[in-house]
Structure formats: structure tokens, C-alpha cells
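Subject: The structure I promised you

Hi,

Here is the structure we talked about, with the sequence alongside. Have a look at it first, and then read on for what turned up.

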Amino acid sequence: MFPSWPMRFQQTPRGSSKSGGESTDSGSAVNTLSSKTENQLEPESPISTKKASSSNHQASDLQPLQHQQHLQQQQQQQQQLLEMASDASRTGISQNQSAAKTPQEKRRGSTSEKQLDAKTLRRLAQNREAARKSRLRKKAYVQQLESSRIKLTQIEQDLQRARAQGLFLGGCAGAVGNISSGAAIFDMEYSRWLEDDQRHMSELRTGFHAHLSDSDLRIIVDNYISHYDEIFRLKGVAAKSDVFHLITGMWTTPAERCFLWMGGFRPSELIKMLISQLDPLTEQQVMGIYSLQHSSQQAEEALTQGLEQLQQSLIDTIAGGPVVDGMQQMAVALGKLANLEGFVRQADNLRQQTLHQLPRILTVRQATRCFLVIGEYYARLRALSSLWASRPRESLMSDDHSCQTTTDLQMVQPSQNHFSNF
């Protein structure tokens with residue numbers, strides 16, 4: 001009836017069916033390939049075959065080659081899919097193993113990091129402390145340099161002021177070349193202390209006349225006592241460098257020098273001056289002040305006797321050696337002169353203790369008046385020295401003439417008496 005039209009089929013290779021170990025991706029790829037082959041295996045219509053009979057006969061020779069190439073491509077794709085599935089399974093196992101190993105590794109890393117962190121923190125703390133100390137040292141050094149610069153400028157200003165007034169270092173113009181550096185520094189510090197003394201005196205005066213409370217007056221009095229402690233400290237430093245400068249009193253005015261005792265005031269004389277200025281006093285206060293005066297006199301006498309013995313020992317040491325070569329005696333005398341520093345220190349300690357004992361005996365207002373009297377007394381002595389140095393030239397000449405006449409009269413009178421006796 002109808003001629004049997006040739007049907008073209010594509011057979012899938014038997015080796016393509018694999019075991020159930022394949023992955024879903026490979027199965028889906030095989031299904032897609034089978035669907036494509038089924039579409040290719042559908043029969044063609046007679047009309048299309050008639051039109052393409054000529055072309056089919058021509059391409060019939062090329063079909064076996066194409067079929068083989070197509071089969072090779074499918075096999076390659078399936079192999080690639082299988083390899084991808086196996087790689088995925090291997091990577092999953094390796095990830096699980098790595099996930100199992102990571103906690104132990106993390107623990108080991110955390111312990112090592114903790115140890116390293118402790119060491120680094122300790123080193124960082126040490127570095128910070130060293131940097132802080134270096135900054136503090138630098139700051140202190142800068143402050144020291146700044147204070148030294150300020151002191152030098154103040155010393156230069158004091159020297160210029162002294163030259164302008166025609167004075168130098170306490171009015172001792174003849175001893176400029178022999179003065180030591182320690183004595184010069186003490187003189188400058190003492191002039192600065194006098195400026196501070198004026199400020200403290202004004203505070204005492206205003207506090208006393210303003211009728212402040214006892215607590216406020218006590219603060220002012222304590223500040224004034226610490227102000228005197230400062231001058232005693234400066235004198236102790238100066239005694240180590242040049243004790244003769246303190247004993248001779250070249251740092252004071254000529255009027256103050258007349259009442260000098262071992263480089264300062266006599267405590268007993270100061271108390272005697274204050275007794276008449278501090279009325280009214282209670283009986284207990286009077287007893288305390290007199291006992292303080294008596295103890296001061298005893299200490300002064302002991303120090304005076306010790307200084308006299310030292311002077312006599314120096315005289316015997318210096319004069320006891322040979323006239324030609326007395327270097328050995330001079331060395332012994334130098335050793336004995338070192339004791340002068342001890343006498344000056346003990347005298348300053350006695351003066352300092354006296355000033356500290358007075359506020360304990362007196363009330364606050366009486367102590368304020370006491371220090372006002374002391375400050376005014378020494379201010380008047382300094383003013384008297386300046387007045388004496390600045391008196392006119394004519395009075396100096398008249399005084400010299402009167403001194404010559406008095407000495408002449410004194411020289412004539414003994415001769416007259418001598419002749420009358422004869």
C-alpha cells in the first residue's frame with residue numbers, strides 16, 4: 001500500500017545508564033539530552049520528505065559522522081557532570097573536616113594571642129610610663145631654666161640699681177674684689193627678702209587695723225614666721241660658702257651692724273624691747289616671756305664663751321709657730337676656722353626658736369603687734385643708715401673738724417693733768 005518510509009532513530013549508548021551514585025545535576029542533564037533526542041527521533045511528514053529527498057540523499061553520507069560526534073559530545077558532558085559531582089562531595093568532606101579542626105586551632109590561637117597580648121600590654125605600659133617620666137623631667141628642666149633666667153634678670157636689675165645708688169653689696173665698696181660668689185648671691189637674695197618683708201608688713205598692718213578674726217590673723221602671722229624661716233635657710237646656705245661675710249655683717253646696713261651678734265640680732269635684747277610694747281600682759285604671759293628671755297641669755301652667754309675660746313685658740317695656733325715658715329700652723333688654723341660655721345648656725349637656731357616661741361605665749365593680736373614692732377624697728381635702723389649715708393657734704397666736713405678738735409682737746413687735757421700732777 002504505502003511505502004514504508006525510512007525512520008531515523010538515535011540510540012543512546014548503553015554505557016550512559018549509570019548507578020544510583022550519580023548526582024541530580026547529571027540526571028537532569030541526561031533528561032534534557034534524551035528530550036532533545038526524542039525530538040530528533042520524531043518521524044518526518046511525507047510532504048517534507050518529498051521536498052527534501054534530494055537533500056537527504058546528499059546528506060545521508062554525512063549522518064553517521066554527525067551521529068558519532070554527537071555521541072562523543074554527550075559522553076564528554078556526562079563525564080564533566082560526574083567529575084563536578086565528585087568534586088562537590090570531596091569539598092563537602094574537606095569542609096566538614098576543616099570545620100571540625102577549627103575549634104581546636106581557634107583555642108590554640110586564642111591562648112597564644114592571650115599570651116602575646118599580655119606581653120604587649122606590659123611593654124606598652126612600660127613605654128607609656130617611661131614617656132611620662134621623660135616628659136616630667138623635661139618639664140622640670142624647662143622650669144628650672146626659666147627660674148634661673150628670672151633670677152639672673154633680677155640680679156642684673158639689683159646690680160644696676162646698686163650702681164645707680166653708688167652702693168655695692170651692702171655698701172662695702174672696698175670689698176668688691178674680695179667678695180665670694182656665694183656671698184654675692186646671698187646679698188641679692190637678702191635684698192629680695194627685704195622686698196617681701198615690706199609686703200608681709202603691709203599685710204600685718206592691714207590685718208591688725210581691720211579687726212580681722214583670730215583665724216585670719218593666725219594665717220598672716222604664720223606666713224610672717226615662715227618668711228623669717230626663709231632668711232634663716234638662706235643664711236645657712238651662705239655660711240657654707242663664706243661664713244666671714246655673715247659674721248662681719250657686710251650684708252646689713254651700718255646701723256644694723258652696730259647691734260650685730262654672730263651674724264644677727266640678740267634674742268634677749270629683742271625680747272627686752274618687746275616687753276614695753278606689748279602691754280597689757282597677763283601674769284602667765286609675763287612669766288613666759290621672762291623665762292624665754294632668761295633662757296635666751298644663757299644660750300647667748302654659752303655661745304659667746306665658746307666663740308671667745310675659739311678666737312683664743314686661733315691666736316695661740318697662729319702665733320705659736322715659727323716666724324719663717326708657719327704653714328703647718330696655718331693648716332691647723334684653717335681647720336679651727338671651720339667651727340665658725342657651727343657657731344653661726346647655733347645662733348640662728350636660737351633666733352629662730354625665739355621667734356617661734358613668742359606666738360605660743362602671746363595671743364594672736366599680741367603676736368601680730370609683736371611682729372609689727374620688730375619689722376618697724378629694723379626698718380627704722382635701715383632708714384637711719386640711709387640718712388647717715390646721704391647727709392650733706394658740709395655736715396661731714398664740720399663733723400670731721402669737730403672730731404679733730406675733740407681729739408686735740410683729749411690729747412691736751414692729759415698733758416695738762418700730767419703737768420699739774422708733776
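How are helix 9 and helix 10 oriented to each other? Keep that one in mind while we take a quick look at the whole chain. One thing to know before you start: this is a predicted model.

The overall picture

Of the 422 residues in the chain, 26% are buried. If you take the contacts between residues at least 6 apart in sequence, 78% of them join residues at least 24 apart.

Helix 9 and helix 10

Back to the opening question. Two packed helices are described by the angle between their axes and the distance between the axes. For helix 9 and helix 10, the angle is about 155 degrees and the axes are 8 Å apart. Angles over 145 degrees count as roughly antiparallel, and helix 9 and helix 10 are therefore roughly antiparallel to each other. Their crossing is left-handed. On the helix 9 side, the contact is made by Pro267, Ser268, Ile271, Lys272 and Ile275, and on the helix 10 side by Ile289, Tyr290, Leu292, Gln293, Ser296, Gln297 and Glu300. Sorted by class, the residues of this contact of helix 9 with helix 10 are six nonpolar, four polar and two charged.

Now look at helix 9 by itself. It runs over residues 267-275, and its buried residues are Pro267, Ser268, Leu270, Ile271, Leu274 and Ile275. Looking down the axis of helix 9, you would find these buried residues within an arc of 160 degrees, so they line one face of the helix. What do the buried residues of helix 9 pack against? They pack against helix 10 (283-319), helix 12 (339-361) and helix 13.

Setting aside neighbours within four places in sequence, Ser268 is in contact with Gln293, Ser296, Gln297 and Glu300.

Helix 5 and helix 13

Here is another pair to compare with. Helix 5 (residues 181-209) and helix 13 (residues 364-389) pack at an angle of about 135 degrees, and their axes are 10 Å apart. Helix 5 and helix 13 are therefore oblique to each other. This crossing of helix 5 and helix 13 is left-handed too. From helix 5, the residues involved include Tyr190, Leu194 and Asp197, and they meet a set in helix 13 that includes Arg365, Thr368 and Phe371. The contact of helix 5 with helix 13 has seven nonpolar, two polar and six charged residues.

Finally, a bit about backbone angles. Most residues other than glycine have a negative phi. Which value does phi of His211 take? It is near 55 degrees, a positive value in a residue other than glycine. His211 sits in the loop between helix 5 and helix 6 (214-241), and it is exposed, with a relative accessible area of 63%.

Met262 also has a positive phi, near 50 degrees. You will find Met262 in the loop between helix 8 (254-258) and helix 9. Is Met262 buried or exposed? Met262 is buried, with a relative accessible area of 9%.

Terms used:
Residues are numbered from 1 along each chain as its sequence is written. This is a predicted model: local features need pLDDT of at least 70, side-chain atom pairs count only at pLDDT 80 or more; totals for chains, interfaces and linings use all residues. Side-chain values use heavy atoms; hydrogens and water are left out. Axes are lines fitted to C-alpha atoms, for helices over the stretch in contact, and angles run from 0 to 180 degrees between N-to-C directions. Helices (H or I, at least four residues) and strands (E, at least two) are DSSP runs, numbered from the N terminus. Angles under 35 degrees count as roughly parallel, over 145 as roughly antiparallel, 65 to 115 as roughly perpendicular and the rest as oblique. A crossing is left-handed if the near helix is turned anticlockwise from the far one by less than a right angle, and right-handed if clockwise. Contact means heavy atoms within 4.5 Å. Ala, Val, Leu, Ile, Met, Phe, Trp, Tyr, Cys and Pro count as nonpolar, Asp, Glu, Lys and Arg as charged, and the others, Gly among them, as polar. Buried means under 20% relative accessible area, exposed over 50%, partly exposed in between (1.4 Å probe, protein chains only). The arc is that of the directions from the helix axis to the C-beta atoms.
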